[in-house]
Amino acid sequence: MFVEYRKRTGPRSKFAMGVELSRKGIDDITVEQVLSDESDRQLATLALKFKQHAWRHLDLDKRKQKAMRFLNSRGFSYDHMVAALEHVTDNEWIEDPFNGE
């Protein structure tokens, strides 16, 4: 339930969500089980979709810079940041973050 809530309101990396759950007193085995079905690449892409509307007025280079900083602050690795950025860039900064992906 927490993971679904986090995905809807402010996606973070699996590591960051694991830390949040641990701080709430959830044991490590349960955290691993809950997060096992999640993909950092998909979470990073989802996080960008939530934020991209704020950057649509910026040029592409500035958007990429902001996206990288934003994803870094959410706990994503460089590889996942680049993959998510490529996905969003390939789809020309999709306007609707709630399109069901």
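1. Let's start with a pair of charged side chains. Glu 20 forms a salt bridge with Arg 12, and their closest N and O atoms are 3.7 Å apart. Keep in mind as you look that this is a predicted model. Glu 20 has a relative accessibility of 18%, so this residue counts as buried, the limit being under 20%. Arg 12, with a relative accessible area of 24%, is partly exposed.

2. The side chains of Glu 20 and Arg 6 meet in a salt bridge, with 2.8 Å from N to O. Here distant parts of the chain are linked: Glu 20 sits in helix α2 and Arg 6 in helix α1, 14 residues apart. Both Glu 20 and Arg 6 are buried.

3. How do α1 and α2 cross, and within what distance do their axes come? Helix α1 (residues 2–9) and helix α2 (residues 14–23) cross at roughly 130 degrees, and their axes come within 11 Å. That angle makes α1 oblique to α2. The crossing of α1 past α2 is right-handed. On the α1 side, the contact is made by Phe 2, Val 3 and Arg 6, and on the α2 side by Met 17, Glu 20 and Leu 21. Sorted by type, the residues of this contact are 4 nonpolar, no polar and 2 charged.

4. Next comes another salt bridge. Glu 38 pairs with Lys 7, the closest N and O atoms being 3.3 Å apart. Since Glu 38 lies in the loop between α3 (28–35) and α4 while Lys 7 is in helix α1, the pair ties together parts that are 31 residues apart in sequence. Glu 38 is buried, at a relative accessible area of 13%, whereas Lys 7 is partly exposed, at 22%.

5. How many salt bridges does the structure hold? There are 4 salt bridges in the structure.

6. Finally, have a look at the other helix pair. Helix α4 (residues 40–51) packs against helix α5 (residues 60–73) at an angle of about 125 degrees, with the axes 10 Å apart. This makes α4 oblique to α5. The α4–α5 crossing is right-handed. Which residues meet here? Ala 44, Ala 47, Leu 48 and Lys 51 in α4 meet Ala 67, Phe 70 and Leu 71 in α5. The residues of this contact divide into 6 nonpolar, no polar and 1 charged.

Definitions and conventions
Residues are numbered from 1 along each chain as its sequence is written. This is a predicted model: local features need pLDDT of at least 70, side-chain atom pairs count only at pLDDT 80 or more; totals for chains, interfaces and linings use all residues. Side-chain values use heavy atoms; hydrogens and water are left out. Axes are lines fitted to C-alpha atoms, for helices over the stretch in contact, and angles run from 0 to 180 degrees between N-to-C directions. Helices (H or I, at least four residues) and strands (E, at least two) are DSSP runs, numbered from the N terminus. Angles under 35 degrees count as roughly parallel, over 145 as roughly antiparallel, 65 to 115 as roughly perpendicular and the rest as oblique. A crossing is left-handed if the near helix is turned anticlockwise from the far one by less than a right angle, and right-handed if clockwise. Contact means heavy atoms within 4.5 Å. Ala, Val, Leu, Ile, Met, Phe, Trp, Tyr, Cys and Pro count as nonpolar, Asp, Glu, Lys and Arg as charged, and the others, Gly among them, as polar. Buried means under 20% relative accessible area, exposed over 50%, partly exposed in between (1.4 Å probe, protein chains only).
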